[in-house]
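Here's a quick walk through this one, sheet and helices included. Have a look at it first, then read on.

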Amino acid sequence: MSAIWTAEWRLALRRRRVMVLSACVPLFLVAAVALGRAPAPHAALVYTVLFTFFGTFGAAVPWARDAERGWLHRLVLAGAGMPSLAAQRLLASALIDLLELMPSLLLIALVYRPGAAHLLILLAGVAGALLAANALGVLVAAIAGSLAETALLASVAALLLLHAGGVFRTPEPGTFADAVQHAVPFYYMHSAIQTAVGYR
Amino acid sequence: MGSRTEPARSTLAVEGRGLGVRYRGRVALAEFDIEVAAGEIVGVLGPNGAGKSSLLRLLATGRRPTAGTLRILGQDALQLSAFSLQLSALRRRIGIVPDESVHADALTGRENATLFARLAGLAPAEAAARAGDLLARVLPGADADRPVAEYSLGMRRRLVIVEALAHQPALLVLDEPATGLDLAGRELLRTLVRECAARGAAVVLASNDVAEAERVCGRVILVRGGRKMLEGAPRDLIARLGGTTRFELRLRAPRAPEVVVDGVTIVSATAERLVAHSHDGSSPLPALCEAVLRAGATIEAVAVQRPDLADVFFQATGDELSADPMATTRDSRSA
């Protein structure tokens, strides 16, 4: 494993409080919706938005913070190529996010009881969407000039992509919007969640 | 330590010609030539905003010059694109002590040091061993295995030095490396820098601390307003002043006293401070004090020192090297 990847995991495991909070906060939100018996389409919408924001902010904020304090620049000047640095951080961050969301996914599995196949599809859909959300977060953080700007841009970009992914409305089949939604990774996560919660 | 002033071209680790840097139209560096040979320690001295950090950023490949040519460790730094593998490979041969000590605070000192050694291309076991060896000297005891979040400023500074040196760079770039270090830390820094140069690395050190530069550098470059003012071995530059003894008088006077004493050069005179150099071996201090008192000033303190690079800088530019000239780190004794 490469140095940055290893360091990212070490950092995540060392920050246990952050890790526990990152696992508990989405779990409480999912629990409120799932145990509150919210209608399936609404529940699916909440989960999709929650997981997307979780991944986007999970990457954008640390990236912007590390850029602001000069840590990323130090790593690059030490010989870590920027593409390699971004890729390693991205993969590690997406996997850590997935681990932190496991309790929430487990609760969804327990409450809605999808079949094993649907559960696997849900897992793959969430993993793919987290990777995309993390990439979006890094992209946004690289463009933004400050932490506050990062948070604002990350929210706007994530919401726009969720909209393009057909999360907030279903495009007419055969239209341009229909074609676009299939190119958005969040669409597949949303579909998997809808299936898992019994909406499809 | 060598005091060569004209490095052999074949061994040049850094070769910059006509270097320029502009920040939003403001000139930070202009028409700057620099050569640093392998094994040489070069100090860059100048007041705040003189262009030292801009120069070091170029040498560390942290930014590209807006003018000029720059070869670092045999590579044309301007030909390397930002994301190229060649640039990363070049950076792995450079050790950098930046002016700020930024780390992964949740990791231990050892983990941080090993991370930087790994980024420089060392295999995991070798990186851990090299970092461990240096840490044993620089952060002895259990400190290396504590999270950096618990470190003091000085300990963080020591760790940055380990991170810059563990991979045995061919070019070492240090920006105000002694900031935050205690006396033992400064001594250790000097030793490590000398060892690094003895291994054949070129060292460029930016500092405000003239005593530090005189002790460790074979050659110094005095910088002001982004331009090179003077360059040479510290001893040679100081010898240019012609005086062997420096007198510094702290005064209380309505205005700068006008003083003329045989065998004495007045370097600077204000209502608060007078600096003078003697030209011969005799002691002109009594005559100097008498002349100052005659000029209507009250003498509060007198220090007798040998002239240093700050005096060289003052005479060359008319400016003080440090923001607070009375708060220097020079060894002095009250007369």
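How many bridges join strand β9 of chain B to β10(B)? Five: β9 (residues 219-224) and β10(B) run antiparallel. Helices here are DSSP runs of H or I with at least four residues, strands are runs of E with at least two, and both are numbered from the N terminus.

Some housekeeping: this is a predicted model, with local features needing pLDDT of at least 70 and side-chain atom pairs counting only at pLDDT 80 or more, while totals for chains, interfaces and linings use all residues. Residues are numbered from 1 along each chain as its sequence is written, and chains are lettered from A and ligands numbered from 1 in the order in which they are written.

Back to the sheet in chain B. It's an open one with six strands, ordered β6-β7-β8-β3-β9-β10, and its pairing is mixed; two strands pair if DSSP finds at least two bridges between them. At the edges sit β6 (94-97) and β10 (227-232) of chain B, each pairing on one side only. From one strand to the next, the twist averages 15°. Angles run from 0 to 180 degrees between N-to-C directions, with axes fitted as lines to C-alpha atoms, for helices over the stretch in contact.

| Helix | Strands it lies across | Angle to β8(B) |
|---|---|---|
| α1(B), residues 52-59 | β3(B), β7(B), β8(B), β9(B) | about 155° |
| α6(B), residues 183-198 | β3(B), β7(B), β8(B) | about 150° |

Now for chain A, which has nine helices and zero strands. Its radius of gyration is 17 Å, close to the 16 Å that the globule rule gives for 200 residues, so chain A is as compact as a globular protein of that length. (The radius is taken over C-alpha atoms, and the rule is 2.2 Å times the number of residues to the power 0.38.) Those C-alpha atoms fill a box of roughly 50 × 40 × 30 Å along the principal axes.

So where do the chains meet? In all, 22 residues of chain B are in contact with 18 residues of chain A, contact being C-beta atoms, placed from the backbone, within 7 Å. On the chain B side, α2 (85-91) and α3 (109-119) each give two or more residues, and α3(B) gives the most, with five residues.

Terms used:
Contact = placed C-beta atoms within 7 Å.
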